[in-house]
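Here is a short briefing on one protein model. Look over the sequence and the fold before reading on.

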Amino acid sequence: MRTRPPIWLVTLTLALVLGESPAVAQWSHRYPQVKGWSHHVYLEGFELPLLTNGPIDPAPAPDGHHVAFASRGWLWLLDLESGVARQLTAGAEVDSRPSWSPDGSSLVFIRDNSRETAIVRYDLATSAERVVVDEAAIDLDPAFSADGKSVYWSSAVAGDLDLWRIDLATGAKTRLTQAPDLELEPTPLAGGTRIAYLSKGAWGDRDEIRVRRLDGGDERTLVSGDILSMLRFAVAPDGKLIAYTMPSSDTDGWELRLSAIDNPPGTSVLLGRGHGLPLTPRWSADGGSVFYSEADAEQRMHLYRIDRRGGRAAEVVVLRWDSAKPTAHLRIRTTAPGGALGAARLAVRDGAGHPLVPEAGQTRFDGQNGIAFFYSSGQIELTVPAGAVDVEAVRGLATPMAAAHVTLQPGETKEVSIELTPVWNPRAAGWYAGDHHFHLNYGGPYHLAPRDLFPMAAGEDMDVLTPLLANLHTRFEEQSTFGYRRLDTLPFVNWGQEVRSHFLGHIGLIGMQSLFWPWVWGPGYEVYGQDDRPNRTVLEFARRQGGMATYMHPIMTQAPFAPEALGGIPVELVADAVLGQLDALEIACLWSDEIGSMEVWHRVLNLGIPLVPEAGTDVMNNYYRTMAIGTTRVYVKVDGDPTFAGYLAALKAGRSFVTNGPLLEWSVGGKQAGEVIESTRRPVPWKLTLHSAVPVDKVEVLVNGTVVWSGPGLALAGSKEMSGTLKLPAGGWVAVRAVGGAIKQWPAMDSYAFAHTAPVWIGKVGSTDPTARRAAAADLLKALGAAETGLAAGYKDAPIPALRAQLKAARDRLEAIVSAK
């Protein structure tokens, strides 16, 4: 998928170079997979409908007096004169993107059951619903034909997300396009011989608005750009203009623009301002104005209208919400043991299972467990349909999910209190939780400010956050936030950067004083596509500033040294690690595989290189469909009162463990992670306490990567103490990991349970066992060979002496280890 090409694209690209396709073990998709799109996080994040707390997807009625829209996961019909919005749908699913029949008698819309989407028709006179399309696939963006006898829509029923048409009388379906791109928003033009549609590019193609002839398939491009994540468009009633959303050329915001359909490329900016983010434009019936939605600073969605000639947009205010069912008010209190209010992550559903959302604040969707969630500071009040309501709450990874069921009468206000009891208090034991890989704003439908981090941090029980700036292809946005620091009180916030050298591997930088330039280079980028710039330059830059550099989401498979998977290891990772230039490796991340990343890490440790483990979610906070920060995290042991400098020093020293759920208190011979135990021939005692809010299959003690003790984990939330003795070799390292089974419940959001401590070194930091060292070097040489093949294929005939020298220096060192006696 082209929207973020490096790392996971590198995985596939290099595997193809080597003639194999590696098995992918990361989280990949929740909805039926579209052919050719190996990772759905962006497809689902950019293209699937939203659940909002205010109007989205406006659809002005043909009568000129009403607007249909989606809000709170249902459809509503707003009378523009009275300001009253009447609820149309009220089921368990999430309904969105309504579109009118030409005579104004019915709507077609998307219905989302959290696993797939369908196209449904709603009759305004009878309130009857009829499923038009339900293909066990992604079905999106329905629109009536000009005569009302058929419906166009986008469907992945045949693998690709293409454009289709269905005859409403016969049910006959016609496939209109067949391409590897995502094809969306089919909109018939006057005359019935052409459609306009949106094409979202794959594998380097651009995002475009196109016009296509239905008789011969000839096409013309109206608008084009890279990673136009929130691009949506509408055709004026007279068929002469389109209104569409587009990133601003001189601010971090988006604009609402007009363009002629039959006389491009003339374009006019209808609405533009810094950090503006207009969404889902639609024309009024008379073509005199454009309706759109936009969120405010509290992530409340509003409906606006702007004259086609320009000027100031006016809010279209809903004065009264006429709900289909009587409503009540539910006040939710979440408390810590002892009764004090405490922040929480919440999921609230009505008796049918429909997600309920607060008046303000962003709602998100957990794609692993299929749960819509939001945050509370400890007390929050929701307007809900009268009847049964279910509430689920957690606080961070240490708290098992707690639930409450309540029944409310019409007009009643009722309070429910939920106590959240953690299985362990890491902070009280000196362990502080960090997420060092996520993006506050990254192409989503909201524009978040640094202050929006704090409700998330409180609800997830986080102590240190380092959000990363990253490119959207050739757009380098949000640079003004890099200077934001909060280092005087928990949670600490210190902005970092993700440098994407495309072909060589992504690097996360934290604890930095300035940004690295360029942000991107390597094959696939237009400007710096053949730069001879090793990732080593980024790593050296970080060390000069006292920061820390980490290879991010490195491995997608659980067996990275299998011959067919060697090409999935980032091209320069092995060389940088072997030469001692890399500080850390991201072991736990939602978009990579923990076991596979661990396998690479173990081999580096066995060379005697003290590479420390890191963790981060890589979530995009301003998406609706995104996991929570901290659902993969690192815990760092800090002595005394915490400071950011002290935390970073302890992280660099490896006084840590990474996790997506299980929590590990561990020592061997009285030494903890990051420390050194004396080498001895006597058996050495070890102690471990496993705490977990989710089931864990097993716990293992490792010496130089080999399991020397294994025991069962936890079937239920709680804690379990274990102990034993082990014999130490003369050199190397000792660690503990917890692993399995599949995650099916909160608070976790990864695919399987995993935790791993940083090593306790034997004798001295960097000591080795000769046998393990030679075996590790042999495996890493195989990976380096794949990297050399990939480098040559990617850069072709470009002169890259610095890159070749980096890999050769690593090869020389590894070959010396293998040949040593």
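How far apart in helix α2 are Y42 and F46? They are 4 residues apart in α2 (residues 41-47), so about one helical turn separates them. The model is predicted: local features need pLDDT of at least 70, side-chain atom pairs count only at pLDDT 80 or more, and totals for chains, interfaces and linings use all residues. Residues are numbered from 1 along each chain as its sequence is written, and side-chain values use heavy atoms, with hydrogens and water left out.

**Aromatic pairs**

- Rings of Phe, Tyr and Trp (its six-membered ring) pair if their centres lie within 6.5 Å; planes under 30 degrees apart count as stacked, over 60 as edge-to-face and the rest as tilted.
- By this rule there are 22 aromatic pairs.
- One of them joins Y42 and F46, a tilted pair with 6.0 Å from centre to centre and 45 degrees between the planes.
- Buried means under 20% relative accessible area, exposed over 50%, and partly exposed in between (1.4 Å probe, protein chains only).
- Y42 is buried at 2% relative accessible area, and F46 is buried at 7%.
- Y292 and Y304 form a stacked pair, 5.5 Å centre to centre with 20 degrees between the planes.
- Y292 lies in strand β22 (residues 289-295) and Y304 in strand β23 (residues 301-307), so this pair ties together parts 12 residues apart in sequence.
- Both Y292 and Y304 are buried.
- Y42, F46, Y442 and Y623 form one aromatic cluster.

**Charges over rings**

- A charge sits over a ring if NZ of Lys or CZ of Arg is within 6 Å of the ring centre and within 35 degrees of the ring normal.
- R485 has its charged end over the ring of F482, 5.2 Å from the centre.
- R486 has its charged end over the ring of F454, 4.3 Å from the centre.

**Strands and sheets**

- Helices (H or I, at least four residues) and strands (E, at least two) are DSSP runs, numbered from the N terminus.
- Two strands pair if DSSP finds at least two bridges between them.
- Strands β15 (residues 207-213) and β16 (residues 219-225) run antiparallel and are joined by 6 bridges.
- E208 stands opposite S224 in β16.
- The β15 and β16 hairpin has 5 residues between its strands, and G217 takes a positive phi near 85 degrees there.
- Another group is an open sheet of 4 strands in the order β17-β18-β19-β20, with antiparallel pairing.
- Its edge strands, β17 (233-235) and β20 (267-272), each pair on one side only.
- Between β19 (residues 254-260) and β20 there are 5 bridges.
- R257 stands opposite V269 in β20.
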